[in-house]
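Please keep the sequence and the model open while reading the points.

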Amino acid sequence: MKLSCSINGVARTIDVSANRRTVDLLREDLGLTGTKEGCGTGECGACTILVDGRSRLSCLMLAGQLEGRRITTIEGLAETEQLHPLQSSFVRHGAVQCGFCTPGMVLTATDLLDQQPHPDRSEIARAISGNICRCTGYQKIIDAIEYADNHSPPVAAAPTPAQSRQQRVEQAHPTQTITDRPVFFPESIDQLWRLIAAHPDARLFCGGTDLLVWLRARRVDPPALIGLERLDELHTIAATGDAIRIGAATSHAELLANPLITETLPVLAQALQQLGSPHIRRMGTIGGNLVTASPAGDTLPPLSVLDASVDLVSADGSRILSLTDFISGPGTTALLPGEILRSVIVPLPPPKAFHHFEKVGLRSALACSVASLAALIERAQDGTIRQVRLAWGSVGPTVTRLPEIEAALRGESLNETTFAAVLPAVHQALSPISDVRAGADYRRQVAANLLLRLPEMLSESSAPAQRPADTVAASRRLA
Amino acid sequence: MTDNDRTVAIGESMIRPDALTKVRGEERFAVDHYPSGLLWAGVKRAGIPHGHLLSVVTDEAAKIPGVCAVLTAADINGTNRQGVIRKDQPVLVDERIRHCGDPVALVVAETQEILAVALEQIRFEVEPLEPVFDPCAALRSDAPLLHPDHPDGNALFTAHITVGAGENGFADCAEMVEGEFDLPRQAHAFLETENGWARADNDGRVEITVSTQTPFRDRSEVAEALGLSVDRVRIIAPYCGGAFGGKDGITVQSLLALAALHCPGRPVKMWWRREESFLAGVKRHPARLLYRLGADRSGTLAALSVEAWFDTGPYDHLGGVVAALGIEHAGGPYRIPHVDLKTRAVYTNNPVSGAFRGFGVPQVAAAMESMMDLLARRLQLCPLELRRRNALVRGDHCPAGSTRQGSIGLTACLDRLATHPLWTTREQWRAAAGPHRSHGTGIAAVAHGMGYGPLVPDTATAAIELLPDGRFSVQAGVVDMGQGNAATYLQMAADILNQPPDRLLLILPDTDRTFPCGSSSASRTTFTYANALIPAARKLRELLLARASEMMLVQDHREMLLVPGAVRHLPSGRDIELARLGSLLSRDERFVSHHYRAPAARETPSDNSNLRLHGFPHLIFSHAVHLARVEVDELTGRVSVAAYLSISDCGRIINPVVFSGQQEGAVAQGIGYALCEDVLVDRGQIRTADLATYILPTSLDVPPLETLAVSLSEHDGPFGLKGAGEIGIDAPAPALANAVEDACSIRLTRFPLTAERVLGALTERNNPRRS
């Protein structure tokens with residue numbers, strides 16, 4: 001394809017396969033080797049670039065996705081021969097050791113400071129939690145970002161930057177691809193149906209955070225790809241009377257930035273805040289999370305307790321399915337060939353209901369859930385439980401609901417004794433598997449134990465104004 | 001930090017020159033080269049842990065258009081063996097496969113896609129052999145042998161050290177504690193995976209640009225393995241994108257050289273994907289450790305017994321040296337009169353174990369410092385007090401029997417800890433735990449020896465030159481893998497020559513352009529190289545002052561001073577520009593090199609010459625005391641580190657920011673080692689072969705880190721420094737295990753302390769009758 005985009009402030013038309021990974025386009029074809037690759041699967045952040053000013057993982061983006069976009073790599077961050085203030089600050093604070101994570105860190109921090117000029121240390125730590133640094137222990141990186149604006153007089157640039165950048169572009173010699181898989185980005189639904197008809201075996205994708213990992217691992221090898229990211233109607237978030245309708249291509253970050261979601265659906269917002277990393281939240285979409293249908297999918301338990309349903313559409317019409325009917329097992333859904341997930345419909349939860357989501361992973365970010373619990377609790381006047389909905393993730397083939405436990409809790413007092421009393425039954429009912437992350441016994445035990453957190457969280461939620469769900473930040477403040 | 005355009009002194013935080021290029025993305029790592037006409041090389045790996053390789057079928061792959069070469073062991077003219085002590089690892093398997101990552105065939109192709117297709121087309125025939133995965137089982141007489149030619153079977157290395165009455169020392173102990181510890185296989189997980197590129201010219205000389213810690217040793221190993229004379233191989237070593245020991249020795253070098261020699265004139269690149277790095281790269285040795293520690297009632301240590309098994313995998317990737325360093329440090333930094341130490345590095349069909357920051361010490365320190373807390377608890381003594389009472393001082397015999405001759409700042413570190421708020425407010429911290437949570441504080445004290453030991457010469461040759469343009473070039477043949485040693489060299493030379501650092505040019509390791517300086521490892525990099533550089537720089541200074549005084553008709557060159565860009569005659573204030581001096585002098589007159597050999601221990605506490613060959617004993621030790629503050633979530637078992645303090649004795653600090661950067665980074669890696677990092681292997685197959693399943697700490701998993709130093713000066717150290725690169729990773733595991741016990745009275749001896757293990761122990765604690 002002829003790709004037209006702006007790279008480091010220069011409008012370019014590049015002849016490249018739409019199927020080429022952005023990181024390869026940058027490094028090999030354009031010689032912009034400041035963009036590093038550390039894993040190829042979105043787990044390290046070394047390949048971070050800015051697309052239209054926002055950080056993206058170039059290992060999980062196809063060249064075709066860059067059409068019309070403005071790309072900034074580390075080579076283009078400083079507009080003059082002086083270093084960018086963040087670059088100066090990294091240098092001055094000793095935040096650079098081996099330097100391999102540095103470009104990705106600096107660009108991630110650039111995005112953060114554009115959004116939020118004076119973040120505190122816990123906000124900085126959250127913002128860079130998708131960028132692994134193996135050398136520094138992060139402390140000096142956080143220092144550098146915190147003090148980027150005030151304590152960092154400019155540092156003179158290293159010699160000959162401009163020429164070397166130019167030279168590098170000329171030195172680059174792309175190694176061509178032999179699998180020139182077509183990639184389409186329809187801009188209207190009609191165009192989409194035509195493409196699906198013409199390429200019935202094409203694989204549809206949205207954020208690409210799963211698909212590009214599978215393509216790299218050769219787990220899938222579709223003859224064509226159709227990206228849904230440019231379909232405007234899949235990006236809308238709208239309140240429609242008694243429900244909120246979320247376009248399937250809405251990214252997790254867009255959801256978190258929307259007050260309708262954070263104020264009305266805190267349980268979903270809490271789950272989204274713990275999903276993947278800031279990069280993954282920006283690229284991954286709610287529709288993609290549902291269609292992937294992983295037992296560990298972080299949006300599934302909250303959407304389950306919210307009684308969400310999905311709106312499926314094809315060239316022939318549309319239908320609405322409950323979440324339970326939509327997800328039929330690990331990795332499988334009721335989507336028919338030629339059908340797409342258009343939106344997620346979330347009924348408005350009862351006002352004043354208590355929302356809670358907790359995920360147990362093996363670390364505080366970039367974590368795949370080992371067990372998770374979403375809870376929606378309505379309290380009666382006397383403080384007892386009027387209605388409770390509980391959904392567990394990662395302890396069964398898909399979301400686990402236990403109606404008998406919910407029934408047993410109804411009418412009971414909101415205290416630890418109540419929840420402790422149902423633990424044995426929860427243990428009995430859950431049937432997780434053992435895998436490389438955790439054993440079945442641990443998952444079962446911890447999934448049940450998460451219920452014991454509810455009274456504590458409930459009493460905290462009765463206290464005035466706590467920002468929803470910022471549990472990670474909260475625990476660090478505690479620390 | 002001070003800028004590079006003014007003069008700096010030792011002890012100032014000078015800006016690292018490499019940070020300026022790295023932060024702009026302009027530093028060219030080995031992986032950043034895509035020369036014109038590039039070919040891609042890749043390896044077909046065995047996928048089975050043990051077997052006889054009967055044949056390799058390469059025809060199908062070779063027929064694919066765009067495949068330039070398909071090579072097997074038959075194409076190798078040299079020994080086809082690599083290794084540092086025992087050369088037992090084939091470049092390409094010739095007869096026996098010993099682990100899943102063993103390379104069976106090498107393919108060179110025009111593109112990565114063609115390469116991938118061709119690798120899938122390679123078939124090989126194998127007669128499976130019984131594998132062995134457990135180091136203890138591997139030592140049994142009926143165990144399958146990995147190297148039938150090795151005289152000691154699967155025992156790559158064994159050593160036994162007895163000091164005082166040895167085991168009999170326990171007879172007089174009032175108290176004795178025992179423990180059995182398991183330490184995991186940790187991956188280096190540097191962000192720049194193993195890679196390089198090579199080109200052979202038509203007369204058979206091959207140049208290899210590679211991410212390595214050991215360019216000069218690589219040159220010899222490649223030459224020997226491929227049957228080349230050493231002058232036919234050139235190794236160029238740019239800055240590494242992390243290494244930590246994982247690039248100490250051959251990774252891609254011989255394969256690249258072989259590929260390049262078969263495609264002369266074409267550059268050939270090899271870049272292991274993350275999964276291949278896990279599969280074929282080295283890891284930290286998993287270890288099993290049996291400890292007994294005895295003391296009198298007052299808490300004076302009396303006897304120690306240690307048995308250690310290090311799982312070295314199928315090849316001697318410094319496994320014996322790791323086991324030797326481990327056992328030398330097994331008794332910690334304490335006086336213990338009666339000691340019995342046994343260590344073994346054992347061949348198995350697991351992934352290859354090798355050098356990793358700490359080099360055997362993190363394993364034994366995890367055990368020993370856990371034992372110290374167990375003993376303190378038994379004696380109802382404060383853990384800090386027990387350590388103070390037994391801390392080594394200069395002149396003491398260490399537990400392995402050698403005499404500690406260098407500076408020891410351990411007591412100073414312990415004293416500093418005693419008054420630190422994180423220690424003095426530990427009861428407040430304990431009381432601040434919320435529901436279902438418990439809080440604790442743990443400490444650990446460690447020592448870490450520097451250098452190669454008594455027999456292997458620990459040497460470096462530094463060279464420094466005044467260039468005709470008035471700048472200086474410093475040739476450093478030892479790699480900077482990110483730790484900042486290269487910047488430290490410039491800082492030292494800049495201080496001696498009184499020049500701003502940006503008037504100094506660093507020549508990175510290149511076997512054609514720099515002198516051999518040994519490996520970037522063993523906490524010896526800066527110590528040894530700087531000890532060569534300082535005399536070279538001083539000699540050059542004297543030489544330039546003398547020449548300048550002659551040119552200015554000054555009698556006494558002591559009236560001359562180097563100032564930025566010039567030599568100044570102080571009484572008259574007249575200058576002679578360095579550029580003028582540089583252009584007037586011939587190169588021989590403005591070039592100085594100096595060779596240095598580090599001092600080595602002369603005493604022989606053990607008559608085991610093999611143990612001495614493997615590095616025992618060391619002469620100079622750094623010391624540290626660490627403190628960890630943890631919160632344990634009793635519902636999930638999750639351990640979070642709330643705050644962390646390290647207090648180190650690494651001699652005098654040259655660049656405080658570089659020093660604290662080393663400690664902070666090592667602590668973060670140590671927290672990973674303690675809590676979450678574990679390369680899980682099931683019958684030789686790695687189950688955590690990517691960064692989604694191998695769990696590295698993120699920015700949200702590392703707490704605020706406080707780094708302090710007691711800045712004693714080491715007599716033999718350059719400007720008084722001692723090694724600082726490794727010691728920071730020795731203490732986090734035991735400090736965290738001790739903190740967890742302090743928090744919730746569970747003692748975990750199997751690392752990492754995963755939430756699953758912690759919750760299991762908490763369940764056991766709450767319900768001891770349950771199995």
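This is a predicted model: local features need pLDDT of at least 70, side-chain atom pairs count only at pLDDT 80 or more; totals for chains, interfaces and linings use all residues.

1. Residues are numbered from 1 along each chain as its sequence is written, chains are lettered from A and ligands numbered from 1 in the order in which they are written, and side-chain values use heavy atoms, with hydrogens and water left out.

2. Chain A contains 20 helices and 19 strands; helices (H or I, at least four residues) and strands (E, at least two) are DSSP runs numbered from the N terminus. Its C-alpha trace spans about 75 × 55 × 40 Å along the principal axes.

3. Of the 479 residues in chain A, 62% are buried, where buried means under 20% relative accessible area, with a 1.4 Å probe and protein chains only. Among contacts (heavy atoms within 4.5 Å) in chain A between residues at least 6 apart in sequence, 63% join residues at least 24 apart.

4. Chain B has 20 helices and 32 strands. Its C-alpha atoms fill a box of roughly 85 × 75 × 55 Å, taken along the principal axes. For 771 residues a compact globule would have a radius of gyration near 28 Å, and the 27 Å of chain B agrees with this. Buried residues account for 67% of chain B. In chain B, 80% of the contacts between residues at least 6 apart in sequence join residues at least 24 apart.

5. Three domains divide chain B: domain 1 (17–28 + 459–597), domain 2 (33–129 + 194–271) and domain 3 (283–453 + 604–766). These bounds come from an automatic or database domain assignment. The C-alpha centres of domain 2 and domain 3 of chain B lie 37 Å apart, and the contact takes 20 residues from each of these two domains.

6. In helix α19 (residues 454–462) of chain A, the buried residues are A:L454, A:P455, A:E456, A:M457 and A:L458. Their cover includes β16, β17, β18 and α17 of chain A, together with β20 (437–449) of chain B.

7. B:A487 belongs to helix α14 (residues 485–497) of chain B. Is B:A487 buried or exposed? With 3% relative accessibility, B:A487 counts as buried. Leaving aside residues up to four places away in sequence, B:A487 touches B:M14, B:R16, B:P17, B:D18 and B:D480.

8. The count comes to nine cavities of 30 Å³ or more. On a 1 Å grid over the protein atoms alone, a cavity is a set of points where a 1.4 Å probe fits but cannot get out, and lining residues have an atom within 4 Å of a point. Grid points are joined across faces, edges and corners, and a volume is the space filled by probe spheres set on the points.

9. The largest cavity holds about 220 Å³ of space. Its lining has 21 residues, and B:Q89, B:I250, B:T251, B:W272 and B:A280 are the closest to its centre.

10. The second largest cavity holds about 160 Å³. Its lining draws at least three residues from each of domain 1 and domain 3 of chain B.

Conventions:
On a 1 Å grid over the protein atoms alone, a cavity is a set of points where a 1.4 Å probe fits but cannot get out, and a pocket is an open set with protein on both sides within 12 Å along at least five of seven lines; lining residues have an atom within 4 Å of a point. The radius of gyration is taken over C-alpha atoms; the globule rule is 2.2 Å times the number of residues to the power 0.38. Buried means under 20% relative accessible area, exposed over 50%, partly exposed in between (1.4 Å probe, protein chains only).
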